[in-house]
Amino acid sequence: MGSLPPGSRQPAFLQTLQMRDPVRYFETLRRRHGPVFRMKLLGFPPQVVVANAELAAEIYRTDGDGNRAGALRAGYVSWLGEHSLLTNDGEGWWRHRKLLSPALHGRSIASYPELIAEIAAEDIRKWPIGKPFALRGRMQTITLEIILRLVFGVRDTEQGARLRAGLMALSKASGSPALFLTPARVRAWAETSPLAARLPFLPTTRANRVAKAVDAILFAEIARRRAEEGEDATDVLGRLLEARDDEGRPLSDHEIRDELLTLLEAGLETTATGLSWTFERLMRSPEVLARLQEEIERGEDDTYLDAVVKEALRSRPVIFGMGRLLDKPLRIGGYLVPAGWVAIPMFSLILHDSAVYPDPGEFRPERFLGDDAKPAQKSFLPFGGGRRYCVGAQLATMEMKVITREVLRHVRLTPADPAPEAQRMWHATLVPGKHAVAVAHRQPLRERPPVVEEPKCPVHPDRSHDGG
């Protein structure tokens, strides 16, 4: 036997309204009820939230036998398809995980830093000088180009332009908060009803129409690449075409399409937003920015840069939480959570746990340096944890470090407004409220030091597999 965790007694309707500012709402519930609490949103199963890494580990231990993360996400991003790592569970998920993971780790991406730096430098040269502009838009442009070149392997200029426009439109259409907060039953009706398909103002209609246009380009590209036998693959698409499972079976066109769009959904907005927050925090932390700039100019190793990126992801987590739909009752923190509930390690709370990160509101990369950094590393969960730890975490971290270094080589950034930007919900992400508005100032461009990235996964608790 066991009791339910404490939680809000407000009706689900009023709790859902609080999601206009989820970070503040979750923090209010944590202060009121402790590190384990329950909540209820309209159209969703009851939820239990945990606010520290030790409790998160109890949830992650049920991965693979006791929860279905894919089933929980399928309603939010059904356009990704039935084979996506984000929407799949069981043996199908595990087969895809083993096939996709090698393309995003180790030697497969060891040659990427130089190209990432070149893509970033090409865009930075187009930035306005001395005038305010939104960094997040520029980061989206850079990360999308990286996806086109390193993931999709697009070479043709015309085809690349069409795919670039389609992928950006799909990202915007699928990222609507209205779509994310629409109850599952309403989403299911909107995606299958002939009547709903004729209502262009519905977010589901817009997302599905854009997805069909992108599909036409993707399937043509997959067919073209299949015809190019004998070429050494250096991009993710090429490696997926070559991949074989334990029984020697290749991935079908639809399976590859689903995973390519998964990498777009999981990588474009999240990496661009993480970079935006990195610069938003750096501009308001002049001592940190000055030290980082000096170390980059001297060509020192990435120890401090790595700490800066981690502190940015800690202080402004991109994803506020990622839940699991429980198949079995779960005892957690002295409470018993029933099957059918959703258990959520809430990253925005875990990464601001003052017991691990003193003065969590301060931007202090030194938390991740030296012999005292182990507790900070252990609770560092921006990419999730357990069996479904983010499969693209290594590539995303590499992108953030290389692009940050390249920006600071070319320009000196100052904030257009000294006040910190608020966290605003966009789909399941938390973006800078003004999109990280900055002013760029040219500085003498020094020779780029060799871009060397030692492939390694970020530290996280209870990692049972590389990828997620």
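## Charges over rings

A charge sits over a ring when NZ of Lys or CZ of Arg is within 6 Å of the ring centre and within 35 degrees of the ring normal. In this predicted model, R291 gives one example: it lies over the face of Y304, at 3.8 Å from the ring centre. R316 does likewise with W277, lying over that ring's face at 5.4 Å from its centre.

A quick word on the ground rules: residues are numbered from 1 along each chain as its sequence is written, and side-chain values use heavy atoms, leaving out hydrogens and water. Since the model is predicted, local features need pLDDT of at least 70 and side-chain atom pairs count only at pLDDT 80 or more, while totals for chains, interfaces and linings use all residues.

## Aromatic pairs

Rings of Phe, Tyr and Trp (its six-membered ring) pair if their centres lie within 6.5 Å; planes under 30 degrees apart count as stacked, over 60 as edge-to-face and the rest as tilted. By this rule there are seven aromatic pairs. One of them joins Y25 and F26, whose ring centres are 6.4 Å apart with planes at 40°, so this pair is tilted. Another brings together W93 and W94: the centres are 6.0 Å apart and the planes at 25°, so here the rings are stacked.

Y25 and F26 also belong to a cluster with F320, linked by ring pairs. How exposed are such residues? Buried means under 20% relative accessible area, exposed over 50%, and partly exposed in between (1.4 Å probe, protein chains only). Y25 is buried at 6%, F26 is buried at 1%, and W93 is buried at 1% too.

## Helix 7

Helices (H or I, at least four residues) and strands (E, at least two) are DSSP runs, numbered from the N terminus. Helix 7 covers residues 135–151, and its 17 residues should span 24 Å at 1.5 Å a residue; the end C-alpha atoms are 23 Å apart, which agrees. The expected span is 1.5 Å times one less than the number of residues.

Twelve of those 17 residues are buried, so the helix is largely enclosed by the rest of the structure. Among them are L135, M139, I142 and L150. Just after helix 7, G153 takes a positive phi of about 65°.

## Strand 8 and its neighbours

Two strands pair if DSSP finds at least two bridges between them. Strand 8 (residues 342–345) pairs with strand 2 (residues 47–50) in the parallel sense over four bridges, and A343 is the bridge partner of V48. Strand 5 (residues 324–326) runs antiparallel to strand 8, joined by two bridges; here L325 has V342 as its bridge partner.

Both faces of strand 8 are covered: V342 and I344 on one side, and A343 and P345 on the other, are all buried.
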